[in-house]
Amino acid sequence: MTKGKSREQGSLFIVSAPSGAGKTTICRKIMETLDNLQASVSYTTRKPRPGEAAGVDYTFVTEKRFRGMIDKGDFVEWAEVHGNLYGTSRKRLERIIASGRDVILDIDTQGARQIKKTFGNGVFIFILPPSMTELRVRLEKRMSNTREDMERRLKRAVAEIREYKMYDYVIVNDQLNSSLGKFESIILAERQRSAKKDSAWVEKNIIRR
Ligand code: ADP
Ligand code: 5GP
């Protein structure tokens, strides 16, 4: 163990939002700003969007392979979202946490509920759009969905937004910089929890120096 750092397990940040609220944008930017923070790459049966890279944005698999992974218990959580299957790999998640890095899980409300049941100690963050009107504008701007898919996402958004009480924190993503500041504050506060400080580290590096 070095002076600056105690060897401790990483924290788990579960981030959900209705599609188009800005979750991907916020999560990407926060990982550029903060060290020691990593996203868990999910598996999905969805087709890649233009610009998405396999193994970076998602691991893109067939439904057959995905269902095989469910049967083997490879996922800590999985869900069907907008007609596609998405899941978090148990192995990937455990590897990141054991390395001491904090993990961001960008998952839907069904997945968040499963994680809440299995992991007692995650920090649950919900990102809201400023309004449904603005959510429609953002989905149109992204232009990565068909009209039919977009309407389905908007309908589902209302049901998801009503689940906000399950989360510890809510960020209304109006001005991006302000949302990033709020997200960063939540992560930095979590890192200062006394429960995260190893008593052997405090003895060695504070009390005996
Ligand atoms: P999600 O991952 O939640 O589906 P994205 O991050 O892809 O959403 O964002 C959807 C669209 O909204 C993108 O075009 C993105 O650039 C834009 N966007 C994200 N945050 C903001 C914001 N605070 N103000 C305006 N546009 C935003
Ligand atoms: P998209 O198709 O826009 O990338 O993602 C659609 C939704 O699936 C988003 O709400 C996203 O958070 C969610 N999602 C992505 N990966 C996972 C996952 O591994 N598990 C669950 N439950 N949801 C996921």
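A pocket, on a 1 Å grid over the protein atoms alone, is an open set of points with protein on both sides within 12 Å along at least five of seven lines. A molecule sits in a pocket if more than half of its atoms lie within 2 Å of its grid points.

## The model

This is a predicted model: local features need pLDDT of at least 70, side-chain atom pairs count only at pLDDT 80 or more, and totals for chains, interfaces and linings use all residues. Residues are numbered from 1 along each chain as its sequence is written, and side-chain values use heavy atoms, with hydrogens and water left out.

## The chain

The chain holds 8 helices and 9 strands. Helices (H or I, at least four residues) and strands (E, at least two) are DSSP runs, numbered from the N terminus.

The C-alpha trace spans about 65 × 40 × 30 Å along its principal axes.

## Ligand 1

Ligand 1 sits in the largest pocket. Two elements, α1 (23-33) and α5 (132-142), each give two or more residues to its shell. Around ligand 1 there are 14 residues (each with a heavy atom within 4 Å). Gly20, Lys23, Thr24, Thr25 and Arg142 come nearest. The shell divides into 3 nonpolar, 5 charged and 6 polar residues. Here Ala, Val, Leu, Ile, Met, Phe, Trp, Tyr, Cys and Pro count as nonpolar, Asp, Glu, Lys and Arg as charged, and the others, Gly among them, as polar.

Polar contacts to a ligand are pairs of N or O atoms within 3.5 Å. A side-chain N or O atom of Thr24 is 2.4 Å from an oxygen atom of ligand 1. For Thr25 the distance is 2.5 Å, again from the side chain to a ligand 1 oxygen. The protein buries 81% of the 570 Å² that ligand 1 exposes when taken alone (Shrake-Rupley method, 1.4 Å probe).

## Ligand 2

The space taken by ligand 2 is also the largest pocket. Its shell has 18 residues, and Lys23, Arg46, Tyr58, Tyr86 and Asp106 come nearest. Strands β5 (75-81) and β6 (84-89) each supply at least two shell residues. By class, 7 are charged, 6 nonpolar and 5 polar.

Key:
Chains lettered and ligands numbered in written order. 1 Å grid on protein atoms, 1.4 Å probe; cavity = no way out; pocket = protein on both sides within 12 Å on 5 of 7 lines; lining within 4 Å. Polar contact = N/O pair within 3.5 Å; in protein donor to acceptor, adjacent residues only side chain to side chain.
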